[in-house]
Structure formats: structure tokens, C-alpha cells
Amino acid sequence: MLRIHFTGKDLGGVRMAGGPDPLWETILSFHRIRDRRGPLVFGEWRTETRSRLNGETRLLSALVPQRGYFPDFLTPSEGRHGLDAGLEALRATTPERIRAELALLAEGRGARKARPARKDPARHTDSPRLADLADGEPAPLARLVEVLRAYHRAAIEPYWPHIRARADADRALRGRALLDGGADELLATLPPMLRWRAPVLEADYPVDRELHLNGRGLRLQPSFFCRSTPVVLHDPALPPVLVYPVTHSDVPVPHERPDARLSLGRLVGHTRSAVLEAIEHGCTTSELARRTAVSLASASQHASVLREAGLVVTLRHGSSVLHTLTPLGAALLRGGASADGCYARNGPVTS
């Protein structure tokens, strides 16, 4: 069980991430690619991604076990500003921190039981690659950055518009809750494995953990590849972040897909353009009908066509649904700006 303890100041410091974090998605996707769970959402993605990998998994397998702890330095907070910023922060990690976190990784794997203890526990590992990292030389760390970039290019980059659309839809849903009822309402609407029992947020977790925010607030980070268990950093001194899974209703697909381009041919007429504009900042079907002066059934049908064309994401919450634009839909609304640019940035950063 994970228990996150809030003060009044912490509630005022709850904030939503501005978009998906490329490094969190990279690391968490590496968990997904090695298991068979969630075949409807991740099955095709696994097959396509594995066909593009060229040995990147060897070093990552040593650093990211299938269960349990992985080093905090793999997901620096700068990652919320984009992949390049996150990798540069990772490259700047101090040797002392790397050795300390690799020592925790070795302990988690029970490496000390397999071999006699050494003076430097960070080098006590069954992987020579990790031993090289623990030495603190720049070359092994630079190699890790290259491996992460290559894996990200194979596993994340082709699907980034879809990943971002899911995170944006979740963000819109949480933002509505925050506006309607403040931080209490926001925390109460998080996925079912998270339970808000003021002043504590409880979560299903593989170990017992107490996290006291102590006035620092909390950044909420929705993640496409976080599956059933939320994730927090191991080091309580680092800026608090809670990574939790988005709701999945379809499978990730590469950005270039001809069926979406064909579907765009259906988007003609002033009414559908007005519907797309009405959805810009997120709305329910009832709100969509009211804003565009059409019937509820017509609003639902228009939203369905836009969704099939890859321009809209629909997220169900309770008895209502919330429609938001995908990066492609937003680009079309802006007058045809390329949706490819959406990969290079995460949108407005609020934390």
C-alpha cells in the first residue's frame, strides 16, 4: 500500500503535468514490451516495436527489472520539457548518485546473496554494463543516453501523437474536476487503484510506502504505458510526482496511417467544422450539442466521425463522456499546421 500524506499547502500545490513525459513513457513501455498483459492495447505495439529494436534491450534490461525498483535518475523531472531536456539532465547525473541508486538496484535483486560482498556495493552486480556505469566515467553514461534515445525512437516516437492525445484527454478530465471542486475533487476522480481519503491518497502498491509531501505539493503525471500500479520516485527528497495510468479505449497506432487520411474526406460542411472548434478545449456531448445548436444525437454522430478520422479522443467518466482534440485535430483547427511538430513539445508546462 502506498500512502501519500497531504497538508493544506500540499492540496494547493497539486498540479497536472502539461503532457506525457517522454522518459517516463520510455521506461514504463520497457515494462510493457516484456510482458503479455493487456494484449488488446499493447499486443500490436509490442510486435511492431520488437521488429525495430537493435540490441537496445540488453543495457535497459540490466537497469530496469520487470518488477520492483528502477533508478530514479532514469526519469529526471526535466523530462517534462521534452526528450532532449530529459536526456541532458540524465547525462548530468553525478557519479555519486548513480552509484547509490545502482546499489539499491543490486539490493533489490538480491545480488549480495549470490556473491561475496565487495567494498563498493554499486559494483556488486551481475552486469558488467552496470559496473561500468558505477565507475562514474562519462562514456558509459553517454552510451546509456544513446540507448534510451534509440529505444525511444523505436517504441515511443511513432506513437507519440496517440500517446499525447490520451494524456491530453485525461488532463482535460482532471482539469474539469479541479475547476468544479478543487483539489479534493481532482484527487477523488483519479483511476480506481487510487483512493482519496483526505488527507491521504492511498494506492495499490507492491510494498508499504509512506510519502509525506511536507508542503511541496504533487505533480500528477498521466502515462500511456503505466498499466495497473501507479509509480512514485524512490527518493523522498526528489520533487514529488505520481505517475498513473490513463484510460485506454483503443490501441496505439503509428502516426502515418492511410485509413485516417481517407476518413478525413468525410469532414465537409460548416457544421462539422463548428463541432471541431467547439471541442477545442474539451466538452461533453451535451455541451457540444448546446454549443453547436444541434440535437444530442447529431452531436454524438459528428463526434463519432471526428473520432474515426483521428481528430478527437473520447474519454468516458461515469455516466458522461468528454471529447478532446488529438494533435492532428488541433493542427487542422489551426489551419493545417503539421501535427508532426506535436512530437517535439509537450504543450504548456504547468509544473
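This is a predicted model: local features need pLDDT of at least 70, side-chain atom pairs count only at pLDDT 80 or more; totals for chains, interfaces and linings use all residues.
Four strands make up an open sheet, and reading across you get S3-S4-S1-S5, with mixed pairing. At the edges sit strand S3 (194–197) and strand S5 (209–212), each of which pairs on one side only. Neighbouring strands here are turned by 20° against each other on average, if you ignore direction. As a reminder, strands of a sheet pair through backbone hydrogen bonds, either parallel or antiparallel.

The largest pocket comes in at a volume of about 820 Å³. It is lined by 25 residues, and the closest to its centre are His31, Arg67, Gly68, Pro206 and Thr229. Helix H2 (22–32) and strand S7 (231–232) are the elements that give two or more residues to this lining, and H2 gives the most, with 4 residues. Sorted by class, the lining has 12 nonpolar, 6 polar and 7 charged residues.

Last stop: Gly86, found in helix H5 (residues 83–91). Why call Gly86 buried? Because its relative accessible area is 0%, and the cut-off for buried is under 20%. So what is Gly86 in contact with, leaving aside its neighbours within four places in sequence? Those partners are Leu23, Pro76, Glu78 and Gly79. Thr75 is 11 residues from Gly86 in sequence, and their C-alpha atoms are 7.4 Å apart in space.

Conventions:
Residues are numbered from 1 along each chain as its sequence is written. Side-chain values use heavy atoms; hydrogens and water are left out. Buried means under 20% relative accessible area, exposed over 50%, partly exposed in between (1.4 Å probe, protein chains only). Contact means heavy atoms within 4.5 Å. Two strands pair if DSSP finds at least two bridges between them. Axes are lines fitted to C-alpha atoms, for helices over the stretch in contact, and angles run from 0 to 180 degrees between N-to-C directions. On a 1 Å grid over the protein atoms alone, a cavity is a set of points where a 1.4 Å probe fits but cannot get out, and a pocket is an open set with protein on both sides within 12 Å along at least five of seven lines; lining residues have an atom within 4 Å of a point. Grid points are joined across faces, edges and corners, and a volume is the space filled by probe spheres set on the points. Ala, Val, Leu, Ile, Met, Phe, Trp, Tyr, Cys and Pro count as nonpolar, Asp, Glu, Lys and Arg as charged, and the others, Gly among them, as polar.
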